[in-house]
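Trainee: Could you take me through one part of this model closely? I would like the helices, and what their side chains do.

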Amino acid sequence: MSDAARLISGITLITVPTIVYGGLTVLGIVSSGRFGMGIGRPLSPEQTSFFRAGHAHAGVLVILSLVIQLLLDQAGLIWALRIGAPLAAICVSGGFFGVAFFPGFRALLYAGAALVSLVTLGTGIGLLR
């Protein structure tokens, strides 16, 4: 593992407790405060769906980000892809959480989706070269 992959992976792993906290919050929402951590007021079914989607995407995209760090070592590619992978996880999940309350966060969600596409496409092409 390269020093660059170790650095970005270490920083990414430090964010995992925020995903755990998000999971406890979602659990509190869907169980009406019986389990996990409640947020103090009930959410609409649509808001609950956005919270679930944000939490699920955060976990999956962080794992993808860690895998991409190792793949980029093999492809010998640039820092923009290394940084873009965890940034995409933040943008997509943050976009879902934000859009639950403010529709304007949709732009962050779409930017994150575009970033996921660019990073995975760039990594794949780099591996095939």
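**A close look at the helices**

Mentor: V16 is found in helix α2. This is a predicted model, where local features need pLDDT of at least 70, side-chain atom pairs count only at pLDDT 80 or more, and totals for chains, interfaces and linings use all residues. Residues are numbered from 1 along each chain as its sequence is written, and side-chain values use heavy atoms, with hydrogens and water left out.

Now the word helix. Helices (H or I, at least four residues) and strands (E, at least two) are DSSP runs, numbered from the N terminus. The protein chain has 5 helices and 0 strands. Along the sequence the pattern reads α-α-α-α-α. The C-alpha trace of the protein chain spans about 50 × 25 × 15 Å along its principal axes.

Back to V16. With 30% relative accessibility, V16 counts as partly exposed. The cut-offs are these: buried is under 20% relative accessible area, exposed is over 50%, and partly exposed lies in between (1.4 Å probe, protein chains only). Of the 129 residues in the protein chain, 36% count as buried. V16 and D3 are 13 residues apart along the chain. Their C-alpha atoms are separated by 20 Å.

D3 takes us to helix α1, residues 3-14. The side chain of D3 meets that of R6 in a salt bridge, 2.7 Å from N to O. A salt bridge here is a side-chain nitrogen of Lys or Arg within 4 Å of a carboxyl oxygen of Asp or Glu. Side chains of opposite charge can pair when their charged atoms come close. Where do D3 and R6 sit in the helix? They are 3 residues apart in α1, so about one helical turn separates them. D3 is exposed, at 60% relative accessible area. R6 is partly exposed, at 45%.

By this rule the count is 2 salt bridges. One of them joins R82 and D73, with the closest N and O atoms 2.6 Å apart. Here R82 is buried, at 5% relative accessibility. D73 is partly exposed, at 24%.

Next comes the surface. L7, I11, W79, I83, L87 and I90 form a nonpolar patch there. Together these residues have about 580 Å² of accessible area. Such areas come from the Shrake-Rupley method with a 1.4 Å probe; for residues, only the protein chains shown count as cover. Patches are made of residues with over 30% relative accessible area and no salt bridge; like charges are joined within 9 Å, and nonpolar side chains (Val, Leu, Ile, Met, Phe, Trp, Tyr) within 5 Å. The elements that give two or more residues to the nonpolar patch are α1 and α4 (79-99). The largest share, 4 residues, comes from α4. L87 has its place in helix α4. L87 is partly exposed, at 40% relative accessible area.

Now the packing of α4. Two packed helices are described by the angle between their axes and the distance between the axes. Axes are lines fitted to C-alpha atoms, for helices over the stretch in contact, and angles run from 0 to 180 degrees between N-to-C directions. α4 packs against helix α5 (residues 106-128) at about 155 degrees, with the axes 7 Å apart. That makes α4 roughly antiparallel to α5. For such labels, angles under 35 degrees count as roughly parallel, over 145 as roughly antiparallel, 65 to 115 as roughly perpendicular, and the rest as oblique. The crossing of α4 and α5 is left-handed. A crossing is left-handed if the near helix is turned anticlockwise from the far one by less than a right angle, and right-handed if clockwise.

α5 has another partner, helix α3 (residues 45-75). The axes of α3 and α5 come within 10 Å and cross at roughly 30 degrees. So α3 is roughly parallel to α5. α3 also passes α5 in a left-handed crossing.

P103 lies in the loop between α4 and α5. P103 is exposed, at 63% relative accessibility. From P103 to I11 the C-alpha distance is 30 Å, and they are 92 residues apart in sequence. L43 lies in the loop between α2 (16-30) and α3. L43 is buried, at 15% relative accessible area. L43 and C91 are 48 residues apart in sequence and 22 Å apart in space, C-alpha to C-alpha.
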